[in-house]
Amino acid sequence: MKKPTLLQVAVHLGAWYPLAHIVYDYFTHNLTANPIQAIEQRTGINALTLLLFSLACTPLSSILGWQELTRRRKALGNYGFMYASIHLLTFVGLDYGFNLASILRDVGTKWYIIVGLVAFLLLLPLALTSFKYWMKRLGKNWKRLHRLVYIISPLVALHFLLSVKGDLTRLQGNIVRPVLYGSIALMLLALRFSPLKLALMGTRARLQGLIGRYR
Amino acid sequence: MSEKMSSVAIRSSEITPKQVYLSRRDFIKAAGVVAGSVALAACAPQAAQTAVQPLPTPQDTSISTKKDELGDPVNSFDDITNYNNYYEFTEDKGGVAPLAAKFKTTPWDVEVYGLVNKPMKYALEDLVKQFQPEDRIYRLRCVEAWSMVIPWTGFPLAKLLKEVEPTSAAKYVRFETVTRPDEMPGQRNVLYPWPYQEGLRMDEAMNDLAILATGMYGGELPAQNGGGMRLVVPWKYGFKSIKGVIKIELVSEQPATMWSTINPGEYGFYSNVNPQVDHPRWSQASERRIGELQRRDTLMFNGYAGQVAHLYDGMDLKVNY
């Protein structure tokens with residue numbers, strides 16, 4: 001077995017920490033007076049954060065020239081899926097007590113639920129095909145399929161935005177955090193476009209050259 | 001008139017001798033808090049936060065066994081004082097109590113003015129003396145689909161309004177929250193049209209259920225629950241029950257309200273609890289009572305239909321949401 005790298009350890013510890021913290025807060029009665037809502041909100045934020053980290057791996061590895069980042073992408077994405085699953089299970093099981101009738105009534109009328117559910121359904125095949133077996137079997141299509149994450153992340157940010165009281169079109173209310181997450185998702189999407197990425201890679205090369213000259 | 005009176009209000013709060021006199025108790029309270037924080041300095045931050053939450057007077061423990069008229073028990077003092085939607089402090093419901101610990105609720109002055117024959121300015125203690133608050137156990141239903149049962153002490157708003165003699169031109173009542181960005185950091189957030197404002201139609205305001213609360217759980221009204229004084233209109237969503245009220249103005253036109261200004265498509269002027277009128281974000285058909293695991297069905301007018309449904313006879317509540 002290969003010795004795990006520092007980044008690898010950080011990824012796994014960092015991804016489990018929020019869940020451990022929620023469990024700790026549950027047993028120490030620190031999940032507010034409304035623990036179910038607290039679990040929903042915290043796992044939701046964790047899922048989105050991990051998806052954005054996963055999404056950032058590829059552009060950052062080219063821009064920073066840090067190859068190992070691309071090898072941590074999959075774990076980060078799967079952890080994101082783990083939190084999204086806990087988030088959805090909490091909503092269906094704890095919040096609504098598996099009462100399908102009231103869930104369906106709300107699913108049909110609430111945009112934030114519809115958007116969140118679509119994002120989860122898009123994420124599901126990515127998690128299921130994250131194994132090496134599927135990677136080989138799908139070949140080129142695997143990469144195509146997994147580009148869906150570029151749609152999923154902005155959708156999750158939209159789901160967040162739609163679930164708060166404020167109104168983006170009027171720039172009023174508690175919109176700061178969803179807008180922040182959404183901007184990062186869109187920025188990472190923009191980084192996919194090669195001119196921008198190439199420009200940043202060029203900047204890094206020049207910086208490295210400069211540093212090399214003065215060393 | 002209103003301009004003149006508001007400038008008076010600011011000046012009077014700056015009169016030092018009165019503050020020195022009244023803040024003696026705050027000083028003692030603060031000293032206790034400091035001693036407590038020092039003792040807890042070595043503990044986790046969360047423990048320290050819990051310790052500095054204000055308990056204005058020892059809570060009456062017998063109250064925790066009381067029930068509302070539907071037979072549901074009141075929520076714990078701890079839940080009521082640590083889970084608060086009070087954006088003047090922060091958007092985080094758990095973060096309000098620690099911030100509110102530094103908020104001064106004495107002295108507290110309330111102006112009643114506008115279309116009235118006898119505009120008045122009261123100190124909170126005089127209001128309490130004159131209008132004799134009574135116990136009222138009310139359900140509070142938040143638009144976010146959670147609810148609590150809260151034992152308030154307060155007096156009917158109608159009593160105060162009768163005292164100032166509204167003129168025949170007065171059709172609505174406008175309420176305004178205190179502006180103190182130094183003590184209320186959320187008021188520095190430019191994404192909100194501060195100050196918080198709310199309004200009631202005259203007949204709603206005169207309904208006996210509408211009270212001005214000056215206490216809770218047998219003690220003073222904690223700052224995080226809207227102290228010095230707040231409105232409580234239990235048949236409407238929680239945001240209508242404006243906290244930290246310092247101005248009550250009688251007006252002829254329907255006043256602008258905080259949430260209907262931010263998002264008019266979602267928050268209307270009436271905002272009656274109504275399981276049949278859906279809200280784009282939260283299901284209004286059911287709710288979670290804080291402390292319970294199962295959701296429960298939301299009641300029309302939050303269970304107060306008998307007392308208030310007649311106010312809306314002939315109105316389409318889907319249009320007037």
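Predicted model: local features only at pLDDT ≥ 70, side-chain atom pairs only at ≥ 80, totals over all residues.
View 1. Among the contacts in chain A with a separation of 6 or more, 62% join residues 24 or more positions apart. Of the 215 residues in chain A, 28% are buried.

**View 2. Helices α5 and α8 of chain A crossing each other.** Here we look at α5 (residues 111-128) and α8 (residues 149-163) of chain A, whose axes come within 8 Å and cross at roughly 155 degrees. An angle over 145 degrees counts as roughly antiparallel, and α5(A) and α8(A) are therefore roughly antiparallel to each other. The crossing of α5(A) past α8(A) is left-handed.

**View 3. The residues where α5(A) meets α8(A).** From α5(A), the residues taking part include A:Trp111, A:Tyr112, A:Val115, A:Leu122 and A:Leu126. On the α8(A) side you will find, among them, A:Val149, A:Ile152, A:Leu155, A:His159 and A:Leu162. By class, this contact has 15 nonpolar, 3 polar and no charged residues.

**View 4. Where chain B touches chain A.** Now for the partner chain: the contact draws 23 residues from chain B and 24 residues from chain A. On the side of chain B that touches chain A, α5 (77-82) and β11 (286-289) of chain B each supply at least two residues. That side of chain B divides into 9 nonpolar, 7 polar and 7 charged residues.

Conventions: Residues numbered from 1 in each chain as written. Chains lettered and ligands numbered in written order. Contact = placed C-beta atoms within 7 Å. Helix = DSSP H or I, 4+ residues; strand = E, 2+ residues; numbered from the N terminus. Nonpolar A, V, L, I, M, F, W, Y, C, P; charged D, E, K, R; others polar. Axes fitted to C-alpha atoms, helices over the stretch in contact; angles between N-to-C directions. Parallel < 35°, antiparallel > 145°, perpendicular 65-115°, else oblique. Left-handed = near helix turned anticlockwise from the far one by under 90°. Buried ≥ 20, exposed ≤ 12 C-beta atoms within 10 Å, placed from the backbone.
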